[in-house]
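Reader: Please take me through one part of this model, slowly and closely. I would like to know what surrounds it.

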Amino acid sequence: LHMGKTMKEDLTVVVKYIKQLYPPEFNVFSTYAELYHNYFASQAKKNAESHLEDKDIYLLLSWVHNIYPKDMRKDHVLAQELEKVKLGSLLPSSLSKELEKKYLDSEEATIKSSLTKCLDKEIQRWKEDKEPEKLNGHFQSELLAIFVIQSIYSGQKRAKDISAAVGEELSHRLSQELPAFLRSYKDAFEDFKEKSKKHRYYKAILIASINNCWNFRDYAEKNMAEKDDNKASILSTLGDIENSGFDVLLQQLFAQLKPIYKKFTENKWDSSNEIMNEIIKTTSKHISDFRTLKDPFYHAIVEKIHARLVKEYIVRLLKRKVSLKTPAQQQNLAQNISKNAADLEAFCTSNGSQATWLNSALPKLAEIIRLQDLGAIKIEVATLATTYPDIRKRHLEAFLYIKSNLSRSDLKSILGYLADSTASTPPGAPLFSNINVS
């Protein structure tokens with residue numbers, strides 16, 4: 001710093017006051033500049049060849065690549081004169097490369113080590129079984145994501161401040177660090193998930209861990225190129241953690257709902273409104289716990305619940321437990337299904353589900369039960385198949401068991417129409433493809 005300041009101030013005096021005292025052919029500024037530069041370079045070389053701490057290596061590289069060529073040699077008073085003098089770099093290229101390698105190796109090792117320590121601390125927090133902190137009503141351990149992202153980002157920025165090339169090299173070296181860290185995080189999460197079920201704050205810690213994924217996801221979405229393989233890897237790992245956590249959080253709810261859904265067919269759909277109220281009441285108790293998830297994850301889990309509620313209802317309709325011969329009986333069942341569908345939609349929507357694609361499934365099935373005209377039934381089946389292209393013959397055949405007044409030829413005609421409608425249609429959002437027909 002002292003040499004740099006002295007050189008800059010002295011050369012400024014040469015430009016402003018001394019240069020004009022000499023004939024032009026003396027090139028007096030060049031003489032001064034070369035002498036100062038050579039001394040500065042010799043001192044830099046001497047330092048570079050001695051044992052340097054990491055901070056010293058960084059400072060020396062900053063002088064070589066940044067401060068000396070940009071701040072000093074581009075100084076508005078000196079720049080024009082210095083351009084005429086071929087001073088070169090402060091360090092020989094080979095020595096500069098050697099220092100860069102030392103710096104990059106050290107920085108990479110430091111960042112890897114800090115990420116490992118960070119994960120170890122997070123795992124330790126889980127083991128302590130304390131309730132996670134809340135921020136805006138959401139369980140969180142935000143320091144984890146902030147620290148990890150900041151460690152990588154700061155490292156990249158420091159390297160870039162030396163030079164674009166050094167910054168690029170470190171970014172390349174660190175490109176695998178976030179995907180690798182998240183894979184380790186996922187393994188630790190799975191381990192905790194399996195071994196710590198009796199912890200008092202088990203669910204709260206799971207929710208905080210899912211919430212942690214948001215900052216990583218947001219960072220990857222905003223800062224990584226769409227075609228970057230690492231971005232795909234990061235988002236895939238985060239998706240695995242989130243879905244794995246959702247599955248555990250929903251286990252108890254789905255287990256409680258199963259016997260309630262069986263009541264539909266056990267009661268021949270006679271008290272379907274009471275049963276649907278029981279389903280909604282049971283689900284409502286669980287949904288309140290999920291409010292501690294961050295909004296995107298809360299919406300995601302509510303949509304999973306919405307899909308499950310609709311799917312389980314359809315499963316009961318395909319059980320071949322109810323066979324109705326008269327149009328009046330079918331009309332009555334269609335009304336019950338429509339009422340249940342409306343209640344279900346209102347409940348899920350009021351709790352934040354944005355899965356509107358599910359809302360027409362049950363009303364369309366109700367309409368097929370209600371209709372008696374063969375042509376009208378075919379049109380409704382075609383509409384259903386367009387909206388839910390993963391429906392197959394086996395699903396429709398099991399469902400049409402309800403309409404026992406259909407002749408064999410009518411049934412065959414309707415089923416043939418479905419095959420034509422879905423032959424070339426790829427499955428969209430899966431609904432029927434998740435339903436096995438016994």
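Author: Start with the second largest pocket: its lining has 5 nonpolar, 2 polar and 7 charged residues. Here charged means Asp, Glu, Lys and Arg; nonpolar means Ala, Val, Leu, Ile, Met, Phe, Trp, Tyr, Cys and Pro; the others, Gly among them, are polar. This is a predicted model, where local features need pLDDT of at least 70, side-chain atom pairs need 80 or more, and lining totals use all residues. Residues are numbered from 1 along each chain, and side-chain values use heavy atoms, without hydrogens or water.

The space in this second largest pocket is about 340 Å³. A pocket is an open set of points on a 1 Å grid where a 1.4 Å probe fits, with protein on both sides within 12 Å along at least five of seven lines; lining residues have an atom within 4 Å of a point. Its lining counts 14 residues, and Arg 125, Pro 132, Glu 133, Gln 140 and Ser 141 sit closest to the centre. Three helices, α5 (93–128), α6 and α9, each give two or more of them. The top supplier is α5, with 4 residues. Helices are DSSP runs (H or I) of at least four residues.

Now follow α9, which spans residues 202–223 and holds Arg 217. Arg 217 is buried, at 17% relative accessible area; buried means under 20% with a 1.4 Å probe. Beyond four places in sequence, Arg 217 touches Leu 235, Leu 238, Gly 239 and Glu 242, with contact meaning heavy atoms within 4.5 Å.

Finally, the largest pocket holds about 470 Å³. There α7 gives the largest share of the lining, 6 residues.

Definitions and conventions. Buried < 20%, exposed > 50% of the residue type's maximum accessible area, 1.4 Å probe, protein only. Points joined across faces, edges and corners; volume = space filled by probe spheres on them.
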